[in-house]
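Here's a quick tour of how side chains pair up in one protein model. Take a look at the structure below, then read on for the charges, the rings and the surface.

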Amino acid sequence: MDKTAQFTTKSLLKFRLELFGLAAIWIVFYHLTAIIPIAGTNPVKPVFDFFGYMGPGGVDLFLFFSAIGLSFSFPKNGAKHFYLNRIKRVFIPYLIVAIIFYGWYDFGFLKDGVWEYILNVTTLNLWIKHGTFAWYVSFIFVLYAVFPLLYIGDKKTKHWLTIGLMSIFAIVEIIAYVVRIEPIILFNREWTRIIVFLFGILAFDFLTKKERNIPLYMTIIATILSIGLMVGAVFIYPEYLTMLRRLMLAAGWILMVVPYSFLREKKILNYIKYPLSYLGTCSLELYLFHIMVMRAVEQTGNIDALPTWAWYLIFLFGAPPVAYAYNLLFKWIYSIKKQPKNEAASNQQQ
């Protein structure tokens, strides 16, 4: 253990890429256990289901860190470049995959016409029918669109707007479950995670403005709470506790950042930084590829075409290289577009 490395609040942001990778592969694992489950007679099924059930919390980790990352990006780049960067990084890679996949799905498989194709590609079907496959992409489009307003409001009200919105969303969701407000219950998956995203905006100043040492006892407490919340969420099944379950998983995943960052800051677990960074680099692409293909296999009834272990190998070990290559393709394209501008600037200086 490296005893010289200080563990501070800024340490919690140093290993985001690795944590993205961990969240991404855990989400893939969760979808496998849910869509292509292992046979009930297999002795590993309870273990796989147990860990798989924690997977949705990976989405909350993405949203938490995304809010922090956007809080860095927006004041630095301004609204125009903020939105352009989001389009380049998220919308265009999604759009190409969606055009191809929904082309097959709507025209070849369902044959439900151009209108449904447009609604699916634009992700509007999430809000109309709650039926798009890549729900997360549709959700973050909305969050990205309103983020500048949330950020400015947070700064101008010294965080009171963000605290108020978090409270309102939590209270409304509780009321919705008591009096059965179906639209809110239907969109519980998205509604609860707005709270997580807002918490990321709230945490930004604490993690970046002033560097604070994190004592060992706080790291131990965070570790115990993280494990307790994630394990506890697995055993909360009643529908009326859905919000509690989701928030427990979210809190467990966010708190997990503390022990993971501590171990990495102390040079422990160095051997996993490369595979996790690799997965983190292409986390969006991995999400797109695995969920689209997995849903296609499910919709067409072809799960039995291969043994379960083969699907696990394909999605856990085959999908990441494809996603990484897709990520590199866009980096290469964007680098080519930058070259003429750099050359022009260089000629002007000469």
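A salt bridge is a side-chain nitrogen of Lys or Arg within 4 Å of a carboxyl oxygen of Asp or Glu. With that rule, the structure holds 11 salt bridges. Keep in mind that this is a predicted model, where local features need pLDDT of at least 70 and side-chain atom pairs count only at pLDDT 80 or more, while totals for chains, interfaces and linings use all residues. Residues are numbered from 1 along each chain as its sequence is written, and side-chain values use heavy atoms, with hydrogens and water left out.

**Salt bridges**

- Arginine 264 and glutamate 18 meet through their side chains at 2.7 Å, N to O.
- That pair links distant parts of the chain, 246 residues apart: arginine 264 sits in helix α11 (residues 242–265) and glutamate 18 in helix α1 (residues 16–35). Helices here are DSSP runs of H or I with at least four residues, numbered from the N terminus.
- Arginine 264 counts as buried, at 7% relative accessibility, and glutamate 18 counts as buried at 6%. Buried means under 20% relative accessible area, exposed over 50%, and partly exposed in between (1.4 Å probe, protein chains only).
- Arginine 193 and aspartate 60 form another salt bridge, at 3.3 Å, N to O. Arginine 193 is in helix α9 (residues 188–208) and aspartate 60 in helix α3 (residues 57–109), so this pair ties together parts that are 133 residues apart in sequence.
- Both arginine 193 and aspartate 60 are buried.
- Lysine 45 and aspartate 49 also meet in a salt bridge (3.0 Å, N to O), and both lie in helix α2, four residues apart, about one turn of the helix.

**Aromatic rings**

- You'll find 43 aromatic pairs in the structure. Rings of Phe, Tyr and Trp (its six-membered ring) pair if their centres lie within 6.5 Å; planes under 30 degrees apart count as stacked, over 60 as edge-to-face and the rest as tilted.
- Take phenylalanine 48 and tyrosine 312: their ring centres are 5.8 Å apart and their planes are at 50 degrees, so the pair is tilted.
- Phenylalanine 48 is partly exposed at 27% relative accessible area, whereas tyrosine 312 is buried at 8%.
- Ring pairs also link a cluster whose members include Phe20, Phe62, Trp135 and Tyr287.

Terms used
Helix = DSSP H or I, 4+ residues; strand = E, 2+ residues; numbered from the N terminus.
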